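Look at the model first, then go through the points topic by topic.

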Amino acid sequence: MSVILEVEHIRKSFGDTEILKDISFAMDRGSTLSIIGSSGSGKTTLLRCLNFLETPDEGIIRVHGEKIFDAKECHNKSDAEIRKSRLHFGLVFQSFNLFPQYTAVQNVMLAEELLAKEQPEYKARKKEIHNNIEKHARELLSQMGLSNREDNYPHQLSGGQCQRVAIARALALNPDILCFDEPTSALDPELTGEVLKVIRELAQRNTTMIIVTHEMAFARDVADSVIFMDNGTICEQGNPREVFANPKELRTKQFLARYREGSS
Amino acid sequence: MDLIREQMKIVIPALNAGFLQTMRLFFVTLLGAIPFGLLISLGSMSKIKPIRVFVKVVVWIVRGSPLMIQLLIIYYFPGLVWKNPIWGGGETGRFLAASVAFIFNYACYFSEIYRGGIQSIPIGQEEAGLVLGMTKRQIFFKVKLLQMIKAIVPPMSNEIITLVKDTSLSRIIALQEIIWAGQAFMKGSQGISGAIWPLFFTAVYYLICNGVLTMLLGKLEKKLSYFK
């Protein structure tokens, strides 16, 4: 397996508060990484940095060995370059953030269509390109188990269905790495199951994924590796079975113990 | 009753002519205040503090003082104080001055409605667009604009209906709109004097006009109710 993502010495502060303190990790292509840790430990900020919703103060991000971000050079980057870097990553939000005025299939198609419009051959093959994009979007939705919901608006869908549309929308652009920011935290247990099932299927098909989650059992069973974050640092990382069964660090032990108490 | 029927033949055409002027002022104000209001709302959200403060003070003054006073100042100030009657004389001058006063006043009200509309859109919408590789421009036009329009239609409807009635304030600078036309028959015009019913009757014009507008704006609101 080849290394797809390398994150080196990422730091990020908001005002005087340092949220990420020297974060470095790497992941393999086709693997699933889950990030766990208590609220405020910096998990979400890390994902947002990877998607350039926040700009790290220091550090380097490489995808396929190519440097797509370096804090030293980021000031002279154009919006177009940042856009291009962003497309290596997809992001699924906790609160879905579907576009309410578009149907499920339109939500999935929108970005792909806008990108296609920038291609020189778009005008000549408009109809064909549009049909291909629509076909792709419908396939993705049926993969998500939503074939009969394609033409519904977000407000007509359940939370779990919305989140599956959001996953299809992120997949539409074929990102190298798909990120999930607590994808089930806004859902009740019943709906959580259907979203986790979809993510598990993606893992089986070797989609490269980073999942920030509070679902400990899911993190343990689905991920190839796990990172435990604490107070802006990576406290412990490794094989999930190892980390969950025999945590080495005291903080990890305390965190996992609290979860066990909570769930029993 | 017979007398009124007699007078109607003269009064109705005069009121129609007045109402035409009312409608002209109404549409010119809308056409000017809708885009100008957007400019003001962008100013009131500007990252540059002096611009933001300046715009907010202007909006405060315009919203905090009577439109009637603003009309009087805008119409008379250039001639009386600068000795330079920029509006020119006659009905054209009065219409010009009234249009400027109304556009400015209504743009300030609209700007606050727009600001509410823009700020009502969750930040997640923009972020979702960004991570999908959309440009800020695409996000504004393809994602936010329609949501913003949906959010502002009800408060805008209120303001638009108020505007129809507010045009009557331009009577204070003798613009020949429908109130002026109705009042003329009290003082005496075209052989009718001391008749107050034409003035009362102008209310029917406003009612019908606002009835039609309420229906149209209601339709627009309904059209946008397909999403939430």
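**Lead points**

Strand E1 (residues 3–14) of chain A and strand E4 (residues 58–63) of chain A run antiparallel and are joined by five bridges. The model is a predicted one. This pair belongs to an open sheet of four strands in chain A, with the order E2-E1-E4-E5 and antiparallel pairing.

- Which residue stands opposite Arg11(A) in E4(A)? The residue there is Glu58(A).
- Val7(A) has Ile61(A) as its bridge partner in E4(A).

**Pairing of E1(A) with E2(A)**

- E1(A) and strand E2 (residues 17–28) of chain A pair over eight bridges, in the antiparallel sense.
- Ile10(A) stands opposite Ile23(A) in E2(A).
- The bridge partner of Ser13(A) in E2(A) is Glu18(A).
- E1(A) and E2(A) form a hairpin, with two residues between them. In the turn, Gly15(A) has a positive phi of about 60°.

**Pairing of E4(A) with E5(A)**

- E4(A) is joined by four bridges to strand E5 (residues 66–70) of chain A, and the two run antiparallel.
- Ile60(A) has Asp70(A) as its bridge partner in E5(A).
- E4(A) and E5(A) form a hairpin with two residues between them. His64(A), in the turn, has a positive phi of about 50°.

**A general point on strands**

- In a regular strand, side chains alternate between the two faces of the sheet.

**The six-stranded sheet of chain A**

- Six strands of chain A form an open sheet in the order E6-E7-E8-E3-E9-E10, and the pairing is mixed.
- Why do E6 and strand E10 (233–238) of chain A each have one side without a neighbour in the sheet? Both stand at the edges with a single partner strand each, so one side of each is left without a neighbour.
- Neighbouring strands of this sheet are turned by 20° against each other on average, direction ignored.
- E6(A) and strand E7 (residues 177–181) of chain A run parallel and are joined by four bridges.
- Within this pair, Leu91(A) has Cys179(A) in E7(A) as its bridge partner.

**Domains of chain A**

- Chain A is divided into domain 1 (1–88 + 200–264) and domain 2 (102–174).
- The centres of domain 1 of chain A and domain 2 of chain A, taken over C-alpha atoms, are separated by 28 Å.

**Chain B**

- Chain B has eight helices and zero strands.
- From the N terminus on, its elements run α-α-α-α-α-α-α-α.
- Taken along the principal axes, the C-alpha atoms of chain B fill a box of roughly 75 × 50 × 25 Å.

**Two crossing helices of chain B**

- The axes of helix H1 (residues 2–44) of chain B and helix H4 (residues 90–119) of chain B come within 6 Å and cross at roughly 45°.
- H1(B) and H4(B) are therefore oblique to each other.
- The crossing in which H1(B) passes H4(B) is right-handed.
- Residues that make the contact include Leu25(B), Val28(B) and Phe36(B) of H1(B), and Phe95(B), Phe102(B) and Arg115(B) of H4(B).
- By class, this contact of H1(B) with H4(B) has 16 nonpolar, seven polar and one charged residues.

**Where chain A touches chain B**

- How many residues of chain A are in contact with chain B? There are 20 residues of chain A in contact with 18 residues of chain B.
- On the chain A side, the elements that give two or more residues are helix H2 (79–86), strand E6 (89–92) and helix H3 (104–117) of chain A.
- H3(A) gives the largest share of that side, four residues.
- The residues of the side of chain A that touches chain B divide into twelve nonpolar, six polar and two charged.

Notes: Residues are numbered from 1 along each chain as its sequence is written. Chains are lettered from A and ligands numbered from 1 in the order in which they are written. This is a predicted model: local features need pLDDT of at least 70, side-chain atom pairs count only at pLDDT 80 or more; totals for chains, interfaces and linings use all residues. Two residues are in contact if their C-beta atoms, placed from the backbone, lie within 7 Å. Ala, Val, Leu, Ile, Met, Phe, Trp, Tyr, Cys and Pro count as nonpolar, Asp, Glu, Lys and Arg as charged, and the others, Gly among them, as polar. Two strands pair if DSSP finds at least two bridges between them. Axes are lines fitted to C-alpha atoms, for helices over the stretch in contact, and angles run from 0 to 180 degrees between N-to-C directions. Angles under 35 degrees count as roughly parallel, over 145 as roughly antiparallel, 65 to 115 as roughly perpendicular and the rest as oblique. A crossing is left-handed if the near helix is turned anticlockwise from the far one by less than a right angle, and right-handed if clockwise. Domain bounds come from an automatic or database domain assignment.
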